[in-house]
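Hi everyone, thanks for coming. Today I'd like to walk you through one structure, slowly and in plain words. Please have a look at it first.

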Amino acid sequence: MARMTMIEAVRDAMDVSMGQDPSVVVFGEDVGYFGGVFRATQGLQEKYGRDRCFDAPISESGIVGAAIGMAANGLRPCVEIQFADYMYPAYDQITQEAARIRYRSNGDFTCPITIRMPTGGGIFGGQTHSQSPEALFTHVSGLKVVIPSNPYDAKGLLISAIEDPDPVIFMEPKRLYNGPFDGHHDRPVTPWSKHDAGEVPAGRYAIPLGKAAKIREGADLTLLTYGTMVHVALAAAAETGVDAEILDLRTLVPLDLDAIVESVNKTGRCVILHEATLTSGFGGELAALVAQHCFYRLEAPIRRVAGWDTPYPHAQEWAYFPGPARVGQAMLETMEG
Amino acid sequence: MSELHRSSLSLHVPEPEVRPGGSPDFSNVKIPRAGEAPRPEPDAKAEDIRKLAFTIIRVLNREGEAVGPWAGSLTDEQLKAGLRHMLLLRAFDSRMVIAQRQGKTSFYIQNLGEEAIACAFRKALGPGDMNFPTYRQAGLLIAGDYPLVTMMNQIYSNAGDPLKGRQLPIMYSTRENGFFTISGNLATQYPQAVGWAMASAIKKDDKIAAAWIGDGSTAESDFHAGLVFASTYKAPVILNVVNNQWAISTFQGVARGGAGTFAARGLGFGIPSLRVDGNDYLAVHAVASWAVERARRNLGPTLIEHVTYRAGAHSTSDDPSAYRPKGESDAWPLGDPVIRLKNHLIAKGLWSEERHVQLAAETMDEVMTAQKEAESLGTLHSGDRPSSREMFEGVYAEMPPHLRRQRQEAGV
């Protein structure tokens, strides 16, 4: 066991995967020699050579399009989009191509690629370094969508993603790269080295896609969340005294519906939490599923706490980011209602 | 700033020379003489062969003779096989257009006038090479001896459809025949082909890729992305542009602008780029073979602009008389690829008008026999078809729980 940051865990996952499977290749903008703008690929080019880990032109559709072609030729590319905010030029390749190649060719061709992208806000990233576009992927048949919340999960889930036979969108909350963040921006951030989930085993281990993690056992209400908001949820539970059961969904597609239903049926209350904008966000899907499957057990309306329906602002960062105060208020209202 | 320097601006919107009601006019299309273009060494640098991006490489002259340095890449038997492939494709097209009119399928796209390009190109590739085609390269399958019945099964979405009824007609897929699954989204296959070729290089394999795109789709950003990646990594890929003058109703000047050629676009990326007479089976094969040699010798990518004319409607949903003059294809100065190869074989004493009529009848018979067999497996609206259960399969390698629930809900 070693203490790792999420960045180190992500890098270790790629290192392990490249080491065990020569068909795994890693590329993207600044990913090769430099080791990535977040250092996620540091040392990989030196260790595995320029034809296994290399720099790409600034062309997201080129990066994903090339990865799709490589996958058709037997490789397992794990590519990086520098920020989730810049995935849009690749959206055509991701949604119309990667997601559908197995289906449209009836398995004649497949697309085992992983697309890593730093996501989320809370870093004064403004409009194009803070977005959480997961709902634009969960809406697309054929994609899997993964968002880890800690180093241990990040490594295990990324190894699963790379080994998965289907295209996986792997969204890394950049706010969590160096330490957990509970939304209290006025307090110093503790590094992962002081956190249990910073314990990361050496070598290969995999966390199955489609399985949620129960972060906190509770009886009063169920908090459904993922990514950075897992830590915000924990803080809100501690500060309100509400005995919340917190589920870190980890994988949005396929979704661990059983874990969700079991928890909400137990607590009878549900709060959904994500950074992404509210309207048509993934929280809407979660709310609909909970309403459908737990209707007769619900004792209060399902509440959603999310980013406002605005572009991600710069100066208004903390008025936008759904911090523990907003989450706590929704929890208390849910306990009343 | 003086007012004298200002003038009111106006937007330039390119227009074709002639519209419906006018007389077809290709007098501005410069056709160089056959045999005129030099044949460089395959390791030539892009900047040293710039002229080949602005001329048209041609082998067959008006008399049907093969002339110049690009002649001689095919044997007599290969030429006869090429003629047969083109006739087979033409017969296939004509029967499938009728089948669509009869309601046996929803949609079809013809290759009329462009048969030489895919048919000849296919013969320059080897086993294991991969094409990333558009919807107008069925000749790759025909010349690759892919079963006609399987193609028709796909078109009919019947019980024998290898794609289980999930895909629009003519969006074929066959890995075994080196034909990547066709997508409705234009140009996406361009960077994919480059990635496939890069993978081949990464694996130290000896297989190469061929990308395909039409004139209109070169305006898509993925055309640019493909060229950048091919150029950066010197990928073993052949970047084909089929310039058939038309993108549905839009003439090629809208994608290309008033100057230059599509081939010339490769030069800016440092990619050796050639223009070839797309209706000259011999020229297409010779240029393809040159590009294949470059790719196999790890010399990098080649861009080929195939100059041709889309003789048929864009698709069965299109009526070209609404935007271009009738008879324009007859006026096309590069003629008909089938007739030109026929004349060449006759000039060589290998063929006759009688043999040609006979071969045309034979290929039509072959197509109709296949059609009977395919229709015995059903058509879109009658007979057997893939199970509705198939709708839920293959979205993922393993069906996730939410799809299992939906399949149960659908009762299939």
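Which residue of chain B forms a salt bridge with Asp51(A)? The partner is Lys204(B), and the closest N and O atoms of the two are 3.5 Å apart. Before going further, please keep in mind that this is a predicted model.

Let's stay with the place where the chains meet. Side chains of opposite charge can pair when their charged atoms come close. Between chain A and chain B, the count of such salt bridges is one. On chain A, the touching side draws at least two residues from each of β3 (53-55), α3 (60-72), α4 (91-98) and α5 (101-104). Of these, α3(A) gives the most, with nine residues.

How many residues of chain A are in contact with chain B? There are 41 of them, and they meet 42 residues of chain B. The size of an interface is often given as the accessible area lost when the parts come together. Here the area buried between chain A and chain B is about 3500 Å², and carbon and sulfur atoms give 58% of that. In chain A, the residues that lose the most area to chain B are Asn73(A), Tyr103(A) and Arg104(A), which together make up 21% of what that side buries.

Now for salt bridges across the whole structure. Over all chains, the structure holds 40. I picked three for you.

In chain A, Asp164(A) pairs with Lys144(A), with the closest N and O atoms 3.0 Å apart. Asp164(A) sits in the loop between α7 (151-163) and β7 (168-173), while Lys144(A) is in strand β6, so this pair ties together parts that are 20 residues apart in sequence. Both Asp164(A) and Lys144(A) are buried. They also belong to a network of salt bridges that links Arg102(A), Lys144(A), Asp164(A) and Asp166(A).

In chain B, Arg90(B) and Glu115(B) form a salt bridge at 2.8 Å between the closest N and O atoms. Arg90(B) lies in helix α1 and Glu115(B) in helix α2, so the pair joins parts that are 25 residues apart in sequence. Arg90(B) and Glu115(B) are both buried.

Also in chain B, Arg340(B) forms a salt bridge with Asp280(B), the closest N and O atoms being 3.7 Å apart. Arg340(B) belongs to helix α11 and Asp280(B) to the loop between β6 (273-277) and α9 (281-296), so parts 60 residues apart in sequence are tied together. Is Asp280(B) buried or exposed? Asp280(B) counts as buried, because its relative accessibility is 0%. Arg340(B), at 14%, counts as buried too.

Last topic: the backbone. Most residues other than glycine have a negative phi, and most peptide bonds are trans. Where do we find exceptions? The peptide bond from Val253(A) to Pro254(A) is cis, with omega near -5 degrees. Pro254(A) is in the loop between β12 (251-253) and α9 (257-267) of chain A.

In chain B, Ile170(B) is not a glycine, yet has a positive phi of about 75 degrees. Ile170(B) lies in the loop between α4 (148-156) and α5 (189-202), and counts as buried at 1% relative accessibility. Gln245(B) also has a positive phi, about 80 degrees. Gln245(B) is found in the loop between β3 (237-243) and β4 (246-247) of chain B, and is buried, with a relative accessible area of 10%.

Conventions. Residues are numbered from 1 along each chain as its sequence is written. Chains are lettered from A and ligands numbered from 1 in the order in which they are written. This is a predicted model: local features need pLDDT of at least 70, side-chain atom pairs count only at pLDDT 80 or more; totals for chains, interfaces and linings use all residues. Side-chain values use heavy atoms; hydrogens and water are left out. Contact means heavy atoms within 4.5 Å. Buried area is the accessible area (1.4 Å probe) that two parts lose on being put together, summed over both. A salt bridge is a side-chain nitrogen of Lys or Arg within 4 Å of a carboxyl oxygen of Asp or Glu. Helices (H or I, at least four residues) and strands (E, at least two) are DSSP runs, numbered from the N terminus. Buried means under 20% relative accessible area, exposed over 50%, partly exposed in between (1.4 Å probe, protein chains only).
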